[in-house]
Amino acid sequence: MAPRNLLNLEAVSVDYGKGFVLDAVSLGVNLGDRIGIVGRNGGGKTTLMRIMAGAETPHAGRVSHSNNCHVGVLTQVDTMDPALTVRQFILGEQADHEWATLSEVREVFTGLFGGFDEHVMDRRIGPLSGGEKRRVALARLLIEPVDVLLLDEPTNHLDVEAVAWLAAYLKTKRNYALVVVTHDRWFLDEVSDRTWEVVNGAVEEYEGGYSAYVLAKAERSRQASAMEARRNNLLRKELAWLRRGAPARTTKPKFRVDAANELIANEPPPRDGTELLAFANARLGKTVCELHDADIELGGKQLLSRVNWNVGPGDRIAIVGMNGAGKTTLMRVLNEQLALSAGRLVVGSTVKFAFLSQHLEELNPQWRVLEAVEHVARRVELGKGRELTASQLCERLGFGADAQWTPVGDLSGGERRRLQLTRLLMTEPNVLMLDEPTNDFDVETLAALEDLLDSFGGTLLVVSHDRYFLERTCDTFVGLLGDGHIRDLPRGIDQYLELRKAMTTGTSASVETAQSAPARVGVSAAEERDIKKELNRLERQITKAQNQRDSVLAKMAEVATDYDKAAQLDAQLRGIDAEIATLEEAWLEAGARLES
């Protein structure tokens, strides 16, 4: 039986006077859909969400909802009454006995707030941080009965733990449709099985989450030969990283990897580690930053105690941790903006820092974008005779020829952040520190930034809640868990989440046990061997079926003018496609058992 249709857009157009933001867009949302929306900032993603929510009326076309369809919306703008308590905003006048017995409400409160004690529920909203307000807004929305859930940048201000919890929670709830706009590509991959790209007033549809979208978009580009060589190379480098995967992520579907491998067979790796390290050594020498028995305090609170840590030339380090653990403070100590309370900091004599903070620097609003960059430098050296002009660097970070003449005062928050980063890179640093660099960036700009960082030959330290960005740009991970130590994370963010869970749940397993535990538990050695045999068998069957499919496609090309034979081959092709889909589903199920 077909799923229930909940919401439809029919030939919807929106024009704010500068050309169509949406141009005759028609699409539908059904019960159980999981849809991620991507596109450039200003391209129409939020407008599309507002149209779907009924918060904005299109200039042409029609929007229809099924009978009694309840739409829940999370916007980017905080509209909560600051005088209310958390309890009043989320629960209204409900008495404790009315909601405390509901497991779904307790699950949301525990996941977002760590519990529902009075000290949590009776806080006023006004003094809360941006991340805390985001959790409050999400909590109210998630406990409401909805048919369509529209989330606009739900991961803004959330740490990696909260993002991981939210993704896991949404994956278990299939009794409503989910539509999400976010620049968090890891989150998109986790929660969505379809992707809409808003581009040039149209909405292009793709099956699968962000990774599948990148693959399909690269394939469309290859087939059509319509995109310039540099853009293709950018997508293929993204795929090269997807093929290798994040730390400890070893069960990526082989049939997806093979498709990616075919596309990128002749492409260079995203980063040549040997070349970058040699370049970094030439500029930096052997010493970058060293902490010896260091104590770090802020506002009378000790964040790190007796820390010994070395940051070397060419290191690409992701720093993850809970809010307030000292991630930003650590970076400010390393670049000598803050002093140690005890111990010793050693900084190499040739080190040249650049620090992109969360706070935007003030610039002359009358300056043009290019003028603001050229005030720093007119060209930047990349090493081995390579260089970029200020204009070329602006273009690589999303400021086209026309945009380079835009007054700084007219830029959006995301554009100002891009400009701030561009100015920093023009100073030719050899140690680049990025504190939440992905804030306000769209996925295309993030991909361009990642591509640019691939050619950066110095030392890179990144603090971010964007898991995809960290896994894409960094080679090693360290964690600040609020216990005064810097902890190596060989298995990346998965290991960090395990450590945090062991600390917060009060289980008998200690943090040390969690740190050394294997990535998978729950299947015996014999069961693991059987599952791996099954995976190998399924992979052989998938390969065989795909070879049959290629053979049928070749035959169809030969008999294109013979309708009867073409129809027979088409029926055979549909049967093979159905078989491949069944085998792929079985492969995924077996892989899930192996990870459980």
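## Ground rules

Buried here means under 20% relative accessible area, exposed means over 50%, and partly exposed is in between, with a 1.4 Å probe and protein chains only. This is a predicted model, where local features need pLDDT of at least 70 and side-chain atom pairs count only at pLDDT 80 or more, while totals for chains, interfaces and linings use all residues. Residues are numbered from 1 along each chain as its sequence is written, and side-chain values use heavy atoms, with hydrogens and water left out.

## The chain as a whole

Let's start with the overall picture. The chain has 22 helices and 20 strands; helices (H or I, at least four residues) and strands (E, at least two) are DSSP runs, numbered from the N terminus. Of its 596 residues, 48% are buried.

Taking contacts (heavy atoms within 4.5 Å) between residues at least 6 apart in sequence, 69% join residues at least 24 apart.

L538 sits in helix α21 (residues 525-558) and is buried, at a relative accessible area of 3%. Beyond its neighbours within four places in sequence, L538 touches L583, A586 and W587.

T422 belongs to helix α16 (residues 413-425). With 0% relative accessibility, T422 is buried too, and its contacts, again leaving aside neighbours within four places, are V373, L393, C394, L397 and F399.

## Salt bridges

The structure holds 25 salt bridges, each a side-chain nitrogen of Lys or Arg within 4 Å of a carboxyl oxygen of Asp or Glu. One of them pairs E144 with R140, with closest N and O atoms 3.9 Å apart. E144 is partly exposed at 29%, and R140 is also partly exposed, at 33%.

R500 and E161 form another, at 2.8 Å between the closest N and O atoms. This pair links distant parts of the chain, 339 residues apart: R500 is in helix α19 (residues 492-504) and E161 in helix α7 (residues 160-172). R500 is buried, at 10% relative accessibility.

Then there is R185 with E450, at 2.4 Å. R185 is in helix α8 (residues 185-191) and E450 in helix α17 (residues 443-454), so their bridge ties together parts 265 residues apart in sequence. R185 is buried at 0% relative accessibility, as is E450 at 0%. Through shared partners, salt bridges join R185, E450, D454 and R472 into one network.
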